[in-house]
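Good morning, and thank you for coming. I shall present one structure today, and I ask that you keep it in view while I speak.

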Protein chains: 2
Amino acid sequence: MTRTMRAKAGSDAPEPRIRARNKERILNAAVTLFADKSFHGTHVKEIALASGLPKTNVYYYFPTKESIYAAVIERLIAGWDRAFEHIVTEREPRDAIAAYIRAKLEYSRRHAAESRFFANEILRGAQFLERRQRQHIRDVTAQRAHVVEEWIRRGQMAPVDPRHFFIMLWSATQFYADFGALAADVLEKRRLTRKDFDAAAETMTRVILDGCCTPSRRSR
Amino acid sequence: MTRTMRAKAGSDAPEPRIRARNKERILNAAVTLFADKSFHGTHVKEIALASGLPKTNVYYYFPTKESIYAAVIERLIAGWDRAFEHIVTEREPRDAIAAYIRAKLEYSRRHAAESRFFANEILRGAQFLERRQRQHIRDVTAQRAHVVEEWIRRGQMAPVDPRHFFIMLWSATQFYADFGALAADVLEKRRLTRKDFDAAAETMTRVILDGCCTPSRRSR
DNA sequence: GTGGAACCTGACACGGGTGTCAGGTTTTCC
DNA sequence: GGAAAACCTGACACCCGTGTCAGGTTCCAC
């Protein structure tokens, strides 16, 4: 108990090295396992094995399996914001959105486990996401939605619902990491390569940008 | 053992009524539970409870929990084809794709549990999908990809990779059913209504169709 | 209405997963 | 270099989920 308080209260004192290193190891192992086999399909013994620590040692740092899961989520939420950095009024929508697509795809390619973990949590109805975490997601999205609205107001973009538009971007970019098994099947590949991700970016950019960023046309 | 053979061998004799009814109940209960809580998170006892049958009775029809899971998959795969029915060379791409989006969204709205179950299976790397089932998905997709290629050849559609294009359509339409929790959060709603699905269809159709179905433009 | 197949069920064996505990070892800081 | 805190660990208790079994009931065809 005392150690937990110490670690959490540490507004000035940094987290002890060993502690930080081991928690890091555990979390890294856990995110992959949870992504592959879900919460109930993953056993603490496996997490321990994958992080090179005895099971009891894992319990020294985390009181329950659930607390490991929660810690993984906490770490991921922090990354949510970064994806949106490109969406700013100063940029042209075409450039900004293209950059967003590339960045998002690249991120989910390189952090496939994290991506799948998160997707799975949402799929389950976001049961573990805390109220404040959901609020955070809402806030960040709303903020960027205003940017899109501004673009539309200025006539730089076709009038689409910004939230649905974001959802569309998110789903398309997530897909290749989350549903890699299916995507590979459909593309008749054994595994997805960097080239496949590039082709995906190309298709997406073409379809989405040419679809909503040419204000002069109103073909419907 | 004999009963299983009887039921499977029945090329002429139909499956006995009680058997058919009970298996149906079990499968219906199972798909929702598996979707909500994953394979390992779902207990046979719960499936039994949800289908109004004692647990032992469930085991009378299915030898293992895994066999229930496999049966659910088998039932779902059959539905894969139907979504693609709209994609035929005879139609104009614009109409066909719009119809596909509407049909797919409507289906995932009404069968959210099935949809989430399937998404989760893919997320896990499609570990339970049999070889022939994966082959089936590949075949059906390849067939419809040819339709798109034909449209492109005729100049009715912008030159995009048909498989990536399908993936984009699939991910966008799936999203609202699979990630309903997040979508509702982002849209600041408690639950997604029919109207939200309509708005989603509107946004998607607008972005995708105006993006790739106007052959005269080549703005890049 | 009777025999056999199909159907149903409570009780229970068994394995394995979570989390504990008591007692060790290492690190850290004076 | 010595004490206290942090760190580590094997053994084990306990629960609960899967799947079995033996014996009962209902259905159906003749």
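Let me begin with a definition: a salt bridge is a side-chain nitrogen of Lys or Arg within 4 Å of a carboxyl oxygen of Asp or Glu. Side chains of opposite charge can pair when their charged atoms come close. Please note that what you see is a predicted model. Over all chains, the structure holds 26 salt bridges.

Consider one of them in chain A. The side chain of Arg75(A) meets that of Glu24(A) in a salt bridge, with 3.3 Å from N to O. Arg75(A) belongs to helix H5 (residues 65-83) of chain A and Glu24(A) to helix H2 (residues 17-41) of chain A, so this pair ties together parts that are 51 residues apart in sequence.

I turn now to the two chains together. How is chain A superposed on chain B? A rotation of 180° with 0.0 Å of shift along its axis does so, with an RMSD of 0.1 Å. That is the relation of a two-fold axis. The same surface serves both copies, as 100% of the contact residues of chain A recur in chain B.

How many residues does each chain give to the contact? Chain A contributes 62 residues, and chain B contributes 62 residues. The size of an interface is often given as the accessible area lost when the parts come together. Between chain A and chain B, the buried area is about 5,800 Å², and carbon and sulfur atoms give 64% of it. On the side of chain A, the residues that lose the most area to chain B are Leu123(A), His164(A) and Arg206(A), together 12% of what that side buries.

In one salt bridge, the side chains of Asp185(A) and Arg134(B) meet at 3.0 Å, N to O.

Finally, let us look at how two helices pack within a chain. In chain A, helix H8 (residues 131-153) and helix H9 (residues 162-178) pack at an angle of about 110°, and their axes are 9 Å apart. That makes H8(A) roughly perpendicular to H9(A). Which residues meet there? From H8(A) come Thr141(A), Arg144(A), Ala145(A), Val148(A) and Glu149(A), and they meet Pro162(A), Arg163(A) and Phe166(A) of H9(A). By class, the residues of this contact are four nonpolar, one polar and three charged.

In chain B, the axes of helix H8 (residues 131-153) and helix H9 (residues 162-178) come within 9 Å and cross at roughly 110°. H8(B) and H9(B) are therefore roughly perpendicular to each other. Their contact has four nonpolar, one polar and three charged residues.

Thank you for your attention.

Conventions. Residues numbered from 1 in each chain as written. Chains lettered and ligands numbered in written order. Predicted model: local features only at pLDDT ≥ 70, side-chain atom pairs only at ≥ 80, totals over all residues. Heavy atoms only, no water. Least-squares fit on C-alpha atoms with pLDDT ≥ 70 in both. Contact = heavy atoms within 4.5 Å. Axes fitted to C-alpha atoms, helices over the stretch in contact; angles between N-to-C directions. Helix = DSSP H or I, 4+ residues; strand = E, 2+ residues; numbered from the N terminus. Parallel < 35°, antiparallel > 145°, perpendicular 65-115°, else oblique. Nonpolar A, V, L, I, M, F, W, Y, C, P; charged D, E, K, R; others polar. Buried area = accessible area lost by both parts, 1.4 Å probe.
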